[in-house]
Amino acid sequence: TILGENRQKTVLSYTGTGNAISVITPVVQSYHRRLENFTLRGTGSATTSSGGGTGLHLDSVSAGMFLNLYIAQFSQAVWMRSTVGPPQQCLYNTFIDCTFSDSYYGVRLDDVSNENRFIACRVNGATRGFHFVSGNSNIIESCAIENCSERGVSIPDTTPGSNLTRGTVL
C-alpha cells in the first residue's frame, strides 16, 4: 500500500527509464495492492513509446484498488500484463478518479489483462489513450479521453481467433 495525503501534496518524481513503481511477485499472483492519493511524474513525453519508462507497472496483480492518482510524463503511464505464467492474470483491478497525462500510452493492457475497471478516470495528452493489446471484459466507465493525438482507444490487429477485447465495454 502507498497512501499519500492528496495529489497536490504528495508528489513522487522519477528520472529513470525503467518502471517507476513495479508491482510484481515472481512466479505467483499478487492480490489486494492499493495506491491512493498521490502524483507520480516522470520525464518522458507523449511523442515516443520507448525511453520514458513506465509510471505504474502491474504484472499479475489482481483485485487492486488505485484511487485518486495522477500519473504523467512516461512512455506508458500504466502498463498492465501477466508474465508469471498460467493461470495468473492481471485482473479485477479497479481505477477510480485517476488521471493519466502526457504519456505515449495512457493505459496499456497486455498479456492476459482481463476484467479491469476504469471509473471516472481521465486520459489527457496521450498519443494513445487506452491501448488494448490483449484482454477481455475490461470496462471503461464515465471516463474522459481528451487530446489524444493518435487514438483515444486503440485496439491493434491481432491473430485471427483472438479473444482480444471480447466483452469490453466503453
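The largest nonpolar core in this predicted model has 29 residues. Those with the most contacts inside this core are Leu56, Leu58, Ile71, Phe95, Phe100 and Phe118. In soluble globular proteins, nonpolar side chains tend to be buried together.

Which elements give two or more residues to this core? Here they are, with their residue ranges:

| Element | Residues |
|---|---|
| strand 3 | 19–23 |
| strand 5 | 34–41 |
| strand 6 | 54–59 |
| strand 8 | 65–72 |
| strand 9 | 76–81 |
| strand 13 | 105–109 |
| strand 17 | 128–132 |

Phenylalanine 95 is a handy place to start looking around. Setting aside neighbours within four places in sequence, phenylalanine 95 is in contact with Leu56, Leu58, Phe66, Val78, Met80, Phe100, Arg117, Phe118, Ile119 and Cys121.

Six strands make up an open sheet with parallel pairing, in the order 3-6-9-13-17-20. At its edges are strand 3 and strand 20 (151–154), each of which pairs on one side only. On average, and with direction ignored, neighbouring strands of this sheet are turned by 10 degrees against each other.

Across from serine 154 in strand 20 you will find histidine 131.

Follow the chain on from strand 17 and you come to the loop between strand 17 and strand 18 (139–141), where glycine 135 lies. Is glycine 135 buried or exposed? Glycine 135 has a relative accessible area of 2%, so it counts as buried, the cut-off being under 20%. Aspartate 110 is 25 residues away from glycine 135 in sequence, yet their C-alpha atoms are 6.7 Å apart in space.

Definitions and conventions:
Residues are numbered from 1 along each chain as its sequence is written. This is a predicted model: local features need pLDDT of at least 70, side-chain atom pairs count only at pLDDT 80 or more; totals for chains, interfaces and linings use all residues. Side-chain values use heavy atoms; hydrogens and water are left out. A nonpolar core is a set of buried Ala, Val, Leu, Ile, Met, Phe, Trp, Tyr and Cys residues joined through side-chain atoms within 4.5 Å. Buried means under 20% relative accessible area, exposed over 50%, partly exposed in between (1.4 Å probe, protein chains only). Helices (H or I, at least four residues) and strands (E, at least two) are DSSP runs, numbered from the N terminus. Contact means heavy atoms within 4.5 Å. Two strands pair if DSSP finds at least two bridges between them. Axes are lines fitted to C-alpha atoms, for helices over the stretch in contact, and angles run from 0 to 180 degrees between N-to-C directions.
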